[in-house]
Amino acid sequence: MASMQGVNHSGVSEFILIGFSTFPHLQLMFFLLFLFMYLFTLLGNLLIMATIWSDHSLHTPMYLFLCALSISEIFYTFAIIPRMLADLLSTLHSIAFLACASQMFFSFMFGFTHSFLLTVMGYDRYVAICHPLRYNVLMSPSGCACLVAGSWVGGSLMGTLVTTAIFNLTFCGPNEIHHFVCHVPPLLKLACGENVLVVARGVGMVCITGLLGCFLLILLSYAFIVAAILKIPSAEGRQKAFSTCASHLTVVIVHYGFASVIYLKPKGPKSLEGDTLMGITYTVLTPFLSPIIFSLRNKELKNAMKKAFLSKLYPEKI
């Protein structure tokens, strides 16, 4: 970060986040709504982690990855939403240069860690359904630990690469970011110099390649999974096999559905209102939906949560 401050040739020491300035009369409503969604996201992910930790029947690779996913989601939302909530109640929307760089780094780090973990979970389901006899070997504790560690290291590298590329540019002023977070496209509009276009294309290519690569690997996993499920003779067996994938597949569709809208949207006239509302989908809505989907669509986890909850309310009946 110190090197980033050193290359800030324009002398810009802070930026102004003006994402919600076009909704002056709705800011209190947005604050209350986003605060509720943020607290629900935190509590939902903490509940998932606590349930998995307390129920020994859930100490399997699939739920280890789900725990890691919940942790990455908590950190991702913590990097963005508290600052956003503070801005909604404040008349000063400034953010220091290094704070902006830090926010971008952590949001990209945990965002891509999330994508890598979803890919790992797809691979886990592929091994479980297509190679059940080799599952314990392929998904050994050390193997699972390496996959989780690799996801976090990969996310850190992506965060470092994107943040370093953006904040090594020269910012010429004005310093108003047309977003509610330090996001790449609005920051690129504030940069000047001959290398801005090259950096923009490079960062865009890295982000799209990372997301698309993860998505294609998940798609490949599910192609093999569907082929294996169709070979199961009984309808009950097919349903049972697919039910283990339902929650993961739903989260993947939501995650990449919103990501594709952000990164693959066609160029055209843009408005601050549209960019702000679109940004809410991947910073607030997607993390909010994820624990709901896993809690409702995963039968084992849902039953474990009911058991844990009822044991606290009616210990004599459990």
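Colleague: In strand 2, which residue is the bridge partner of I16?

Modeller: Strands of a sheet pair through backbone hydrogen bonds, either parallel or antiparallel. In this predicted model, the partner of I16 in strand 2 is S94; strands are DSSP runs of E, at least two residues, and helices are runs of H or I, at least four, numbered from the N terminus. The model is predicted, with local features needing pLDDT of at least 70 and side-chain atom pairs pLDDT 80 or more, whereas totals for chains, interfaces and linings use all residues. Residues are numbered from 1 along each chain as its sequence is written, and side-chain values use heavy atoms, without hydrogens and water.

Colleague: How many bridges join strand 1 to strand 2?

Modeller: Strands pair if DSSP finds at least two bridges between them. Strand 1 (residues 14–17) and strand 2 run antiparallel and are joined by three bridges.

Colleague: What is the strand order of the open sheet?

Modeller: The order of its three strands is 2-1-4, with mixed pairing. Strand 2 (94–96) and strand 4 (176–177) are the edge strands, each pairing on one side only.

Colleague: At what angle do helix 4 and helix 8 pack?

Modeller: Angles run from 0 to 180 degrees between N-to-C directions, with axes fitted to C-alpha atoms, for helices over the stretch in contact. Helix 4 (residues 97–130) and helix 8 (residues 196–230) pack at about 15°, their axes 9 Å apart. The two helices are therefore roughly parallel, a term for angles under 35 degrees.

Colleague: Which strands does helix 4 lie across?

Modeller: Helix 4 lies across strand 1, strand 2 and strand 4, and runs at about 85° to strand 2.

Technical notes. Parallel < 35°, antiparallel > 145°, perpendicular 65-115°, else oblique. Contact = heavy atoms within 4.5 Å.
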